[in-house]
Amino acid sequence: MTNRARKWRQMLLLAAVEVLGLTVWFSATAVSPALQAEWQIGSLSAVWLTASVQVGFVAGGITSALLTLGDRFRPQLVMGISAFGAGLATAILALAANGLWQAIVLRFLTGVFLAGLYPIGMKVMSSWASPRQRGTAFGILLGALTLGSGMPHLISGLAEGLPWRLILLIAACITLVAGFIALAWVRPGPLAAAKTARPKISHAWAGFSSRSPLLANLGYFGHMWELYALWTWLPTFLLMSHRAHGGGTSAIQIGTESFIAIGVAGLAGCLLGGWLSDKVGRSAAAVAALVVSGLCCLFSPLMYTVTGPIMLVFLIIWGSSAIADSGVFSTSLSESVDARYVGTALTAQTTVGYLITVTTIQIVPLAANLTGWQFAFLILAPGPVVGAIAMYLRRGINSSHDVSVTPDSPEQSLNR
């Protein structure tokens, strides 16, 4: 097998692991109405079905970053064990949980394990992609993550009438398959650091030690202020919009529209954002995506008043732009820190980012209680503004791709 064929095989395997592995992330969110009805819990309590995953991800990310797990052990082993753990926690929820607190604990554990799947996947992807292709490569990986995150909405919509426990069990089994793929076939590429890193707490702060990685992280944090709150509450926003206009509110319709906005449009946005970052530079691609998604936040009250194709087009634009820059931030950071500690730096970045999402997931329904769902998403607009400013300030640092590739570097072998 040629180097090029081997590279693309590994990139596609990594994408498959992310699509299948991240299916459990929003699995409980997708069946939240059924859980609220069966367990007699309110919407503000039910938000912890998602927020507990974010908190768990933060806890797992902090542990992984401080112990440099992603740089000490074989990445395919970390990813495989993480997928098995997330799938098992979701399966136990499906089979045995009988109340909110049991669900919160199991969702927390799901997040802990997912912290070893997504960031480590980015590290492996960076080991297969040369700097000139890394934006596209990370776009593929983040597109897979987005598609996987949207899958529960599609499963829930298409499986209308099925028990929520069966839906969660399906998601758990899909994630277990991701673990088998990671262990059996995923391997690091030739650009991986030759030596594993000794654990040092200072490695976790590599992304905050100088201007270039710091601005990349600030851009990412602004992006995360918006993204997961949007993904969590978009189905509710759509449901309330449909009800306001006397339209249908079937699970199939809401689930399908949510999957199109989060999964399909998100995948397209990631691929486009990654490709653009390789062509026009990391900062320019990120700023463009942040400006578009920020405008969508501002226009959301107006779009709340429309339905049908116009709303769907708006959702596609918002869903694609909100995630299009995610891979750009990860790419920028991976190119700005010591290659031996990329796994730890990416884990630290995502950990702080997901800690921010815990806040925004909580405040959107609070805003909705005060102003109504029509204006709830306005509170997300400051995130893209801050992110766009940070990435604009980062322009021109160490060239458009942040690194240089010499003619005799090992990256060249990947382009043949």
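**Questions on a predicted model**

Q: Why does S149 count as buried?
A: S149 has 0% relative accessibility. Buried means under 20%. The value falls below that cut-off, so S149 counts as buried. This is a predicted model, and every value here is computed from it.

Q: Where does S149 sit, and which residues is S149 in contact with, leaving aside neighbours within four places in sequence?
A: S149 belongs to helix 10, residues 134-158. With neighbours within four places in sequence left aside, its contacts are L22, F26 and W231. Contact here means heavy atoms within 4.5 Å.

Q: What makes T175 buried?
A: The relative accessible area of T175 is 0%. The cut-off for buried is under 20%, so T175 is buried. T175 lies in helix 11, residues 164-185.

Q: Which residues does T175 touch, apart from neighbours within four places in sequence?
A: T175 is in contact with L20, G21, T23, V24, A83, A86 and G87.

Q: How far apart are T175 and W25, in sequence and in space?
A: In sequence, T175 and W25 are 150 residues apart. In space, their C-alpha atoms are 9.9 Å apart.

Q: Why is F299 called partly exposed?
A: F299 has 45% relative accessibility. Buried needs under 20%, and exposed needs over 50%. The value for F299 lies in between, so F299 counts as partly exposed.

Q: Where is F299, and how far is F299 from F375?
A: F299 lies in helix 14. F299 and F375 are 76 residues apart in sequence. Their C-alpha atoms are 9.5 Å apart in space.

Q: How do you know that the span of helix 14 agrees with its number of residues?
A: Helix 14 covers residues 282-303, which is 22 residues. The expected span is 1.5 Å times one less than the number of residues.

Q: Where does helix 14 have a kink?
A: The kink is at C297, and its angle is about 35 degrees.

Q: How many cavities of 30 Å³ or more does the structure hold, and which residues line the largest?
A: The structure has 1 such cavity. The space in the largest cavity is about 50 Å³. Its lining consists of L230, W231, L234, A261, I262, L315, W318 and G319. Helix 12 (211-244), helix 13 (251-280) and helix 15 (309-324) each give two or more residues to this lining.

Q: What is the class make-up of the lining of the largest cavity?
A: The lining has 7 nonpolar residues, 1 polar residue and no charged residues. Gly counts as polar, and G319 is one of the lining residues.

Q: What is the volume of the largest pocket, and which residues are closest to its centre?
A: The largest pocket holds about 830 Å³ of space. Of its 38 lining residues, T29, A30, S32, P33 and T236 are the closest to the centre. Helix 12 gives the largest share of the lining, with 7 residues. By class, the lining has 20 nonpolar, 16 polar and 2 charged residues.

Q: How many helices and strands does the chain have, and what share of its residues is buried?
A: There are 18 helices and 0 strands. The chain has 416 residues, and 59% of these count as buried.

Conventions. Residues numbered from 1 in each chain as written. Predicted model: local features only at pLDDT ≥ 70, side-chain atom pairs only at ≥ 80, totals over all residues. Heavy atoms only, no water. Bend = angle between axes of the 7 residues up to and from the residue. 1 Å grid on protein atoms, 1.4 Å probe; cavity = no way out; pocket = protein on both sides within 12 Å on 5 of 7 lines; lining within 4 Å. Points joined across faces, edges and corners; volume = space filled by probe spheres on them. Buried < 20%, exposed > 50% of the residue type's maximum accessible area, 1.4 Å probe, protein only.
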